[in-house]
Amino acid sequence: MEEVPHDCPGADSAQAGRGASCQGCPNQRLCASGAGATPDTAIEEIKEKMKTVKHKILVLSGKGGVGKSTFSAHLAHGLAEDENTQIALLDIDICGPSIPKIMGLEGEQVHQSGSGWSPVYVEDNLGVMSVGFLLSSPDDAVIWRGPKKNGMIKQFLRDVDWGEVDYLIVDTPPGTSDEHLSVVRYLATAHIDGAVIITTPQEVSLQDVRKEINFCRKVKLPIIGVVENMSGFICPKCKKESQIFPPTTGGAELMCQDLEVPLLGRVPLDPLIGKNCDKGQSFFIDAPDSPATLAYRSIIQRIQEFCNLHQSKEENLISS
Ligand SMILES: Nc1ncnc2c1ncn2[C@@H]1O[C@H](COP(=O)(O)OP(=O)(O)OP(=O)(O)O)[C@@H](O)[C@H]1O
């Protein structure tokens, strides 16, 4: 893929491409050519597009590898169990798009639909779009930087033909990067319900979650809550409940109390989750009553309650 070595500080601003924010930029010529320019019309187009999407949820994590994509995928699977609910799963994890693998869609490419793109449907009511669909193979690397990367996110939000959707779940890269700012900026005008932040119980992960929470507060992104993943261990050989290692105490719970954000729940470390993700199959099917599945279901219910409340608040605002 083409590299755009462009780090102009104004590259993501509405002024980029018009030269106004690019003074002193070594790549001014590229910038002035309009690469990655974000005309105000794009925001308007995204706003228009998002009118058919009822709820928008961002899934964030401070650290990589904590289970963010696994969570995004299974939130989508869980919500899609109600066949009257239409779900869209968007993967913008540019450096490590794992949604194709987890959803059993490896090797899929972007499908054209009119002038835009059509999601790939894993169920009638569950459509998926991933940055991974743009790669020539799973081992290909995305080396876009700056405006082109943001342009791609804009394109995902504007050009994918989602149709009428109840929930749009956005799986983001770890940390608080350009992509987060772009997606928040583009979706902000279309009212994001909020963010779910995934962590493990370890302090190295929690430390980064604190930053993530501060990021959300700075950009005024509501926080639905935190999920402590890989919290305690389910031994596959142990049959009795008592032999299950207890979930951790402290960890995310203390942090959530401290920072006044809800802890949505804890998901144990369960080897079946890893196995099923590698097979591209939901673990809810193979282990409908496992502690991990039950933990997920309770978390999903809390997210739905949050979104319903958000919707009533919006409706009240409109009617008042
Ligand atoms: N509760 C769990 N128990 C066991 N394995 C898990 C659990 N949650 C996730 N995993 C496994 O952990 C690995 C990392 O998960 P995942 O890819 O979802 O992380 P991530 O936070 O999205 O990573 P990144 O953002 O760096 O791509 C995967 O192999 C996944 O199957």
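Helices here are DSSP runs of H or I with at least four residues, strands are E runs of at least two, and both are numbered from the N terminus. Keep that in mind for one spot: just after α7, K220 takes a positive phi of about 60°.

Quick note on the source. This is a predicted model: local features need pLDDT of at least 70, side-chain atom pairs count only at pLDDT 80 or more, and totals for chains, interfaces and linings use all residues. Residues are numbered from 1 along each chain as its sequence is written, and side-chain values use heavy atoms, with hydrogens and water left out.

Now α7 itself. Which residues of α7 are buried? Buried means under 20% relative accessible area, exposed over 50%, partly exposed in between, with a 1.4 Å probe and protein chains only. The buried ones are S205, L206, D208, V209, E212, I213, F215 and C216. Down the axis of α7, they fall within an arc of 160°, so they line one face of the helix. That arc uses the directions from the helix axis to the C-beta atoms. On the other side, V204, K211 and K218 are exposed.

To pair, two strands need at least two DSSP bridges between them.

Look inside the sheet. β1 (residues 53-61) and β8 (residues 194-199) run parallel, over 5 bridges. There, I57 has G194 of β8 as its bridge partner.
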